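User: I'm new to this one and would like to learn how to read it. Could you walk me through a few features?

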Amino acid sequence: MNHKTVSNKTYPRKKGIFAEPTLLTAPFPHNLHIPFLYSRSPPYQILSTNNALGSAERGRMGAFCDDDLAFSSNYNFGCSQDLRFSKHVHDNVHGNIYLDPIFLKFVDTEQFQRLRDLKQLGMAHMVYPGAVHSRFEHSLGVYWLAGEAVHRLKAQQGLELGIDRFDVQTVKLAGLLHDIGHGPFSHMFERDFLPKVLKGSEWSHEQMSTEMINHIVDEHHIDIDVDTVRRVNEMILASSKYSSAKSSREKHFLYDIVANGRNGIDVDKFDYIARDCRACGLGCNFQFQRLMENMRVMGDEICYRAKEYLTIHKLFATRADLYRTVYTHAKVKAIELMLVDALLSANGYLQIASHIQDPSQYWKLDDTIIKTIETAPNEELKESRDLILRIRRRDLYQFCNEYAVPKDKLENYKEVTAQDIVCSQKNGVTIREEDVVVNNVQIDLTRGRHNPLESIKFFKDYDSVEKFSISDDRISHLLPTYCQDMIVRVYSKKPELVGVISEAFENFQLKTYGIKAQVHATPEKKKKKRRT
C-alpha cells in the first residue's frame, strides 16, 4: 500500500478524489486565521496545524487560549480541551450548544429538569399547535447567547473592561438559571392566578429563581463560591423591582446581558423572540445576530452602532406583535381565563399556592397540575374537572368584543371590571358579575408609554469615543409616535349570554367615552349561540 507522509506522520493513501488532504482555515479573533490540514476521507481528522503557523501566530493563539476562556467552548475558535469535558446539545434555534461541567451540575437536577414540563407559551399551543417548546430549551438558549455575548465583549475589549473568568462564569450561569423559578402556564400563574389567591402578593418568578438557586446549591452540595451565587442572583433580578442599587455594581454592563433593566435589550428576548416565532410558524424580521456583532461597551454601558437603530426597533416591534397575535390572542386568553378559574377552584383542596413558600416543594409544581386535577376522583375537584373538560371539548368562554382605549384616555386609565359591565346593562335578561370576565390587555415596547429607544446609547463607528441618543424623527417619520396599547376584552362564561353582555359592553363604552370604541358590533351568529 502506498503511503503519504503529512506532518511527520504516515497515513495510508486512498484512491479517489477524497484521497488528498485539504487545507482549510478556521477563524480566530483579530483577523487571525489558523490553517488546518484535514484528511479528505472520513473521519475528517486534523492532520496538521502548528507546522503551518509561524512563531508569531502560535504565540497569539496561545495567548488567546488561556485559563480565562478554558471554562467555555462558545466560540468555534476555543481551545480544543474545552469540548472534551463539555456536553453537546443540538438546539433547533442555535445549533450546537456546549455545557461545561459546572453548568451540568445545575442542569442535572430535578429542579432544572422541571423546566421540561413548563411550556414556554403556556396554553398558546391550543391555538398554535407548534407552540409546545419548553422553558428548558429556552434556558439553554439564553445560556448560550449570554456566553456568546460576554465572550464577544471579552475578545474585543477584554483588557479594557477587565472581563475575567469570574465574569464569564456568572453571566452564563445567570442565563442558564434565569427562569428556574418560573411558574406553570407561562405568566398566567404569576399575573392572573396568584393575585386572586394572595391579595397584595408581590411574588415574582425572578425572586423565586434566586431562592431556587440557593436551594439547589445547598441540596446538591454544588461546589460554587458565595460570590458567584450572589452575583448570579443580582443579574437575574437586574430588570425587576428587586434589583440592587445600580450605583453599587461593578461592571454594570454585565448585568444588562441577561435581564436588561436599563433599556430592555437582552439575550432573554433574543432567544424567546426567535424561538416563539419559529414554534408558531410566524416570520421573524428581527436578526439578533446583527446586534451581537455591533455592540460595544462605552462608559460601563452596552451601546450599539447607529446604523442598527432600525434593527433595535424591530426587536421591540416584533415582541409587541407576538404579544398581540400569540401571547394575548383572544382564544388563548379565553382558555387561560378558564384555567385560572379551574386552579382557583382546586386551590382549596390541593393548596397550589402554598408551593411558592418553599423551594423544596415549589419544584414539584408544573403544567402537569392539569392532568392531576382532571384524573383525580375527589368530589372537591369536580368544578375544576368540569372546566378543564370544557377546555378539552372546546366549549370555551365566549369572546364578546373588544376595544382599544383611546390615546387621550390612557394616562388616567382605570382597569375595567365585570362590575362595570354589569352596571351598564339595561332592561332584559339580568347578568351577574360571575357571568362576565373582563380582560385588560396591555401591549407596549417594554417601557409602558415611553419609547425604549430613548434609553439606548449609540456610537458612530469603532473609532468613536462618544456615545449618543437618537430620536425617532432623525431616522424616519414612519415610526410609531405612541408606544402602548390598552385593549379591553369582555367574555361570557355562558354562550347564551353573549348578546346581553355584548349590549352591556356597548353601553359601558358610550357611558365612558361617548362613543362605541369597538371596531364593529358582535356578530349576530355569536349572539344567538346556545350551549350544546
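User: Which residues is Thr 318 in contact with, leaving aside its neighbours within four places in sequence?

Analyst: Keep in mind that this is a predicted model. Here, Thr 318 touches Ile 273, Cys 277, Cys 284 and Phe 286, once its neighbours within four places in sequence are set aside. Take Phe 286: it sits 32 residues from Thr 318 in sequence, yet the two are 7.0 Å apart in space, C-alpha to C-alpha. Thr 318 itself belongs to helix H13, residues 309-327.

User: Is Thr 318 buried or exposed?

Analyst: Buried, because its relative accessibility is 11% and the cut-off for buried is under 20%.

User: How do I read two helices packed together, say H6 and H7?

Analyst: The general idea is that two packed helices are described by the angle between their axes and the distance between the axes. In this case, the axes of H6 (residues 135-161) and H7 (residues 165-177) come within 7 Å and cross at roughly 155 degrees. So H6 is roughly antiparallel to H7, since angles over 145 degrees get that label. The crossing of H6 and H7 is right-handed.

User: What residues make the contact between H6 and H7?

Analyst: From H6 they include Leu 140, Tyr 143, Ala 146 and Val 150, and from H7 they include Val 168, Val 171 and Leu 176. Sorted by class, the H6 and H7 contact has 8 nonpolar, 4 polar and 2 charged residues.

User: What about backbone angles? Which phi value does Ser 186 have?

Analyst: Ser 186 has a positive one, near 60 degrees. You'll find Ser 186 in the loop between H7 and helix H8 (188-197), and it is buried, with a relative accessible area of 13%. Asp 300 also has a positive phi, near 65 degrees. Look for Asp 300 in the loop between strand S8 (295-298) and strand S9 (301-305). Asp 300 is partly exposed, because its relative accessible area is 30%, which falls between the 20% and 50% cut-offs.

User: And how many disulfides does the structure hold?

Analyst: A disulfide is a covalent bond between the sulfur atoms of two cysteines. This structure holds 0 disulfides.

User: Are Cys 303 and Cys 423 buried or exposed?

Analyst: Cys 303 is buried, with a relative accessible area of 0%. Cys 423, on the other hand, counts as exposed because its relative accessibility is 56%, and the exposed class starts over 50%.

Technical notes. Residues are numbered from 1 along each chain as its sequence is written. This is a predicted model: local features need pLDDT of at least 70, side-chain atom pairs count only at pLDDT 80 or more; totals for chains, interfaces and linings use all residues. Side-chain values use heavy atoms; hydrogens and water are left out. A disulfide is a pair of cysteine sulfur atoms within 2.5 Å. Buried means under 20% relative accessible area, exposed over 50%, partly exposed in between (1.4 Å probe, protein chains only). Axes are lines fitted to C-alpha atoms, for helices over the stretch in contact, and angles run from 0 to 180 degrees between N-to-C directions. Helices (H or I, at least four residues) and strands (E, at least two) are DSSP runs, numbered from the N terminus. Angles under 35 degrees count as roughly parallel, over 145 as roughly antiparallel, 65 to 115 as roughly perpendicular and the rest as oblique. A crossing is left-handed if the near helix is turned anticlockwise from the far one by less than a right angle, and right-handed if clockwise. Contact means heavy atoms within 4.5 Å. Ala, Val, Leu, Ile, Met, Phe, Trp, Tyr, Cys and Pro count as nonpolar, Asp, Glu, Lys and Arg as charged, and the others, Gly among them, as polar.
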